Amino acid sequence: MKKIVLTLTLAGSLLFSACDVLTDLASQVTSVANLTNCKFDLKNVSNVNVAGVNVKSLTQGKLSAADVVKLAAAYQTKQVPLTMDMNINVTNPTTQQAAMTALDWILAVDGTDMANGVSTKSYTIRPSATTTVPLPVSADLGSLFSKQGIDALKNFATSFTNEGTSSKLGLRVRPSLSVGSTQVPFPNYIKIEKATGKS
């Protein structure tokens with residue numbers, strides 16, 4: 001009798017465990033479906049540095065002699081590192097939560113793809129809400145400006161607005177979500193643009 005009770009107890013535990021797994025899996029599948037309904041916009045860009053020169057110095061007309069030396073040295077060595085945080089607003093218009101566990105990105109400068117990478121930080125986007133996702137982006141622009149010349153580098157460095165955005169930059173992203181042990185990516189890359197009326 002004890003063996004029967006024990007067997008039934010184990011069977012019940014396994015059944016509840018299986019139900020929990022199925023419920024969790026269903027929730028993940030729903031989050032993937034909702035992710036495809038989300039809207040991705042560029043909120044702003046922060047911490048922009050070109051060859052070690054803070055872009056704010058350029059936009060505010062505070063370019064020092066040391067900054068000029070840094071830009072010139074970067075051009076001479078054909079190594080022009082660009083680092084920045086592109087802050088992306090993800091808006092979930094549905095009545096159920098969405099989620100993502102990775103965000104692939106491709107950065108273009110003047111229409112040329114210059115770098116790509118992936119952020120593996122997880123985010124949950126609540127129903128009818130917007131979550132800001134900071135995306136650290138970096139690239140070496142040396143090969144581009146070694147062809148176009150020092151004036152092109154100067155024009156690029158001074159093309160940024162006070163918000164850090166530049167018409168010379170382009171960003172495409174592809175979010176994805178883990179379902180079980182499988183990474184499910186968004187169907188295609190999304191072009192990120194500045195949302196009108198948002199700062």
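How many helices and strands are there in the chain? The count is five helices and eleven strands, and they come from a predicted model.

**The chain overall**
- Of the 199 residues in the chain, 38% count as buried.
- If you take the contacts between residues at least 6 apart in sequence, 73% of them join residues at least 24 apart.

**An open sheet**
- Four strands form an open sheet in the order S2-S1-S3-S8, and their pairing is antiparallel.
- Strand S2 (53–54) and strand S8 (129–140) are the edge strands, each pairing on one side only.
- Strand S1 (residues 39–50) and strand S3 (residues 81–92) run antiparallel and are joined by nine bridges.
- Opposite Asp85 in S3 you will find Ser46.

**The largest pocket**
- The largest pocket holds about 160 Å³ of space.
- Its lining is made of 13 residues, and the closest to the pocket centre are Leu169, Gly170, Leu171, Lys191 and Ile192.
- Strand S5 (102–109), strand S9 (169–179) and strand S11 (190–192) are the elements that give two or more residues to this lining.
- S9 gives the most to the lining of the largest pocket, with four residues.
- Sorted by class, the lining has seven nonpolar, two polar and four charged residues.

Note on methods
Residues numbered from 1 in each chain as written. Predicted model: local features only at pLDDT ≥ 70, side-chain atom pairs only at ≥ 80, totals over all residues. Heavy atoms only, no water. Buried < 20%, exposed > 50% of the residue type's maximum accessible area, 1.4 Å probe, protein only. Contact = heavy atoms within 4.5 Å. 1 Å grid on protein atoms, 1.4 Å probe; cavity = no way out; pocket = protein on both sides within 12 Å on 5 of 7 lines; lining within 4 Å. Points joined across faces, edges and corners; volume = space filled by probe spheres on them. Nonpolar A, V, L, I, M, F, W, Y, C, P; charged D, E, K, R; others polar. Pairing = 2+ DSSP bridges.
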